[in-house]
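Dear colleague,

Please find below the structure that I am handing over to you.

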Amino acid sequence: MSKNKLRTILTAFGVFWGIFMLVVLLGAGNGMQHGIEREFADEAKNSLWIWGGKTSLPYKGMKPGREVIFTNDDAQSINYQVDGVEKLAPRTFFWGEYTISYKDKNGSYQIHGVNRDYLDINGSKIAAGRNLNPLDMKERRKVMVIGKRVKEVLFGADAPLDEVVGKYVKVMVLKEKQKEETTTTTTTNTANTQKTDSNKVAGIYFQVVGVFTNKGEQGRLEERSVMPITTLQSTFNLYNRVHTMALTTEKGVRVSEVQGKVRQLLAGKHQFDVKDEEAVNLNNNEENFERFMGLFDGIAAFVWFISMCTLIAGIVGVSNIMLIIIKERTKEIGIRKAIGATPFSIVSLVIQESIIITSVAGYLGFLAGVGMLELIGYFITQAKNEIRYFTYPVVNLNLIFIAIGVLVIAGALAGLFPAMKAANIKPIEALRAD
């Protein structure tokens with residue numbers, strides 16, 4: 001090895017590159033997969049999200065372009081008339097410029113009116129206090145569950161979560177420009193919508209009854225707060241208005257099965273063609289998640305295929321070099337056998353060189369691959385939450401060490417056959433070799 005440095009380095013580089021590529025590709029694939037899973041976070045995978053759109057097809061004499069606006073009755077109809085629905089959560093929010101404040105600290109955050117099932121479907125976890133309950137809904141209580149980032153701004157990052165519960169925050173609407181649809185009445189083949197200007201509210205106090213966490217969308221969901229939908233509708237003049245509905249299916253029921261029933265029910269209630277896909281928007285999380293997971297299974301298979309091809313190329317290179325080495329050292333082997341060298345000593349002489357090349361090159365490739373992943377991870381950390389669908393790349397170390405072990409064994413086997421051939425050479429023939 002010392003007398004043929006260039007040849008040894010080139011042989012080792014094939015093994016080095018194979019392990020390096022395996023580490024980097026697996027780490028990058030895992031980083032992308034975890035980034036996608038982070039976007040879904042703990043959100044229910046068997047969920048369906050529904051929001052209104054505009055009709056694009058004429059229906060029973062009515063022109064396209066009609067806006068589909070949901071009401072409380074739509075949510076109740078889906079909950080009680082569609083088979084297979086486990087939980088259903090309507091959501092309402094108000095637009096405008098407003099702030100949530102506590103003493104001298106304030107911030108502008110989205111406020112949604114929901115029921116208790118919404119946080120479960122959305123993947124939020126109660127970190128302190130409690131979730132909304134049926135009495136909050138029935139009595140239209142002025143209570144609020146705030147996101148963790150909202151808590152950090154209003155009460156400080158160091159404030160214990162339990163001490164936040166029970167405090168009162170003020171919601172101040174500075175300016176409302178938009179008009180909200182407050183009631184929807186249906187006459188013969190015509191949906192009439194009454195529009196009223198939202199009232200300006202100087203400031204209303206709400207009691208914080210809980211703090212939730214949610215890692216979805218890189219933690220941005222924690223910048224929201226929720227209150228009972230009945231409270232928001234009555235307080236901010238959004239009576240009977242529902243912007244979005246989310247539901248989960250019962251165990252064993254596919255979301256796609258419920259999806260068609262929901263579209264058919266809403267088409268009948270709002271008088272639009274059931275084939276009109278723009279009238280109602282449906283986001284099937286189950287299909288989205290399965291599609292992404294199928295994609296990553298394909299990526300993982302491709303990564304392993306490329307990495308194995310690279311490793312096999314390195315092993316073949318080692319085997320070829322061993323054949324060349326034995327041919328060059330044929331006379332030396334003959335002399336060794338003539339003075340009493342055993343076949344085992346000849347075989348071990350060649351195999352040791354093969355094992356050293358594969359193990360050292362494989363370990364260096366592993367270190368270089370981990371270093372590359374750390375460098376990528378550093379830039380991702382510096383970018384903070386600017387990079388979506390990709391998180392800190394990690395790799396299963398046990399898997400890599402197993403790959404190196406397999407590579408060393410394969411390298412030993414690659415050198416074994418040439419070594420056995422050399423051990424079987426007769427000394428007189430070896431000495432006659434050119």
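Please note at the outset that this is a predicted model.

I would begin with strand 13 (244–249). All 6 of its 6 residues are buried, so strand 13 is largely enclosed by the rest of the structure. The burial concerns both faces: Thr244, Ala246 and Thr248 lie on one side, while Met245, Leu247 and Thr249 lie on the other. In a regular strand, side chains alternate between the two faces of the sheet.

Two strands pair with strand 13. Strand 1 (residues 47–52) runs antiparallel to strand 13 and is joined to it by 5 bridges; in this pairing, Leu48 stands opposite Leu247. Strand 2 (residues 85–93) is also antiparallel to strand 13, with 6 bridges between them, and here Lys87 stands opposite Thr248.

Most residues other than glycine have a negative phi. Asn237, however, has a positive phi of about 60° although it is not a glycine. Asn237 belongs to the loop that links helix 7 (229–235) to strand 13, and with a relative accessibility of 24% it counts as partly exposed.

Arg140 likewise has a positive phi, near 50°, and is not a glycine. Its place is the loop between helix 4 (134–138) and strand 7 (143–147). Arg140 is partly exposed, its relative accessible area being 44%.

Yours sincerely

Definitions and conventions
Residues numbered from 1 in each chain as written. Predicted model: local features only at pLDDT ≥ 70, side-chain atom pairs only at ≥ 80, totals over all residues. Heavy atoms only, no water. Helix = DSSP H or I, 4+ residues; strand = E, 2+ residues; numbered from the N terminus. Buried < 20%, exposed > 50% of the residue type's maximum accessible area, 1.4 Å probe, protein only. Pairing = 2+ DSSP bridges.
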